[in-house]
Amino acid sequence: TMSKIKNLIAEQSSVWVEYPDIDGFEVNLKYLTREDLMKVRNAALTYKFNKRTRQREEEIDNDRFLENYAEKAIMGWKGLKVKHMPALMPVDISGIDGEDVIEYSNEDAIELLKNSTVFDQFVTDTMNDFEQFSKKKAETDAKN
């Protein structure tokens, strides 16, 4: 028989979330289940041989983890401008038009996750607030 709970799990549900401190900046995030997160983590594992204990030990390749995570979790964004960047990470934007729009790309999503603690925290907090995703699924289901 089909699992009832499995049926209820929001399939690939993604939501547009407003970034709290930047007016007009919205990020499209996809909810990752624990299983998804384990896959991301496992894909970033490297093994080192510990000479002292003569054991193989696993280590997380943090860059690889963030690359996989960004690819799976961040679906897009809108409303990000050059002038917003200093609020996200240390940058030098002198001589650049602050109104220039930074379009979403997977590369830039990775850069932002790697270099911006506040953005990383925002993504994590949104993931933990999975009610947002459930609510959106209910709305979507009601419309269809």
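Modeller: Arg54 has a relative accessible area of 67%, so this residue counts as exposed (over 50%; buried means under 20% and partly exposed lies in between, with a 1.4 Å probe and protein chains only). Although Arg54 is not a glycine, its phi is positive, at about 55 degrees. The model is predicted, so local features need pLDDT of at least 70 and side-chain atom pairs pLDDT 80 or more, while totals for chains, interfaces and linings use all residues. Residues are numbered from 1 along each chain as its sequence is written, and side-chain values use heavy atoms, without hydrogens or water.

Arg54 belongs to the loop between β3 (45-50) and β4 (55-60); strands (E, at least two residues) and helices (H or I, at least four) are DSSP runs numbered from the N terminus. With a relative accessible area of 47%, Gln55 is partly exposed. Apart from neighbours within four places in sequence, Gln55 is in contact (heavy atoms within 4.5 Å) with Lys48, Phe49 and Asn50. Arg56 has its charged end over the ring of Tyr47, at 4.1 Å from the ring centre (CZ of Arg or NZ of Lys within 6 Å of the centre and within 35 degrees of the ring normal).

Of the 144 residues, 28% are buried. Among contacts with a separation of 6 or more, 59% join residues 24 or more positions apart.

Asn28 illustrates such separations in sequence. This residue lies in strand β2 (residues 26-30), and its relative accessibility of 11% means that Asn28 counts as buried. Its contacts beyond four places in sequence are Ser14, Val15, Trp16, Ala73, Ile74, Met75, Gly76 and Trp77.

Leu80 occupies the loop between β5 (74-78) and α4. A relative accessible area of 1% makes Leu80 buried. Leaving aside neighbours within four places, Leu80 is in contact with Phe25, Met85, Leu88, Asp100, Val101, Ile102 and Leu112. The C-alpha atoms of Leu80 and Asp100 are 8.6 Å apart, although 20 residues separate the two along the chain.

Phe25 leads on to the aromatic residues. Rings of Phe, Tyr and Trp (its six-membered ring) pair if their centres lie within 6.5 Å; planes under 30 degrees apart are stacked, over 60 edge-to-face, and the rest tilted. On this rule there are nine aromatic pairs. In one of them, Tyr19 and Phe25 are tilted, with centres 5.5 Å apart and 40 degrees between the planes. Tyr19 and Phe25 are both buried. Phe65 and Tyr69, by comparison, have ring centres 5.8 Å apart and planes at 10 degrees, so this pair is stacked. Phe65 and Tyr69 are four residues apart in helix α3 (residues 62-73), and therefore about one helical turn separates them. Both of these residues, Phe65 and Tyr69, are buried as well. Tyr19 and Phe25 also belong to one aromatic cluster with Trp77, Tyr104, Phe119 and Phe122.

Phe119 also takes part in helix packing. Leu112, Leu113 and Asn115 in α4 meet Thr117, Phe119, Asp120 and Val123 in α5. Helix α4 (residues 106-115) and helix α5 (residues 117-128) have axes 5 Å apart and pack at about 100 degrees (axes are lines fitted to C-alpha atoms over the stretch in contact, and angles run from 0 to 180 degrees between N-to-C directions). The two helices, α4 and α5, are therefore roughly perpendicular (65 to 115 degrees; under 35 is roughly parallel, over 145 roughly antiparallel, and the rest oblique).

Ser116 is in the loop between α4 and α5. Its relative accessibility is 1%, so Ser116 counts as buried. Not counting residues up to four places away, Ser116 touches Leu88, Met89 and Glu111. Between Ser116 and Pro86, 30 residues apart in sequence, the C-alpha to C-alpha distance is 9.9 Å.
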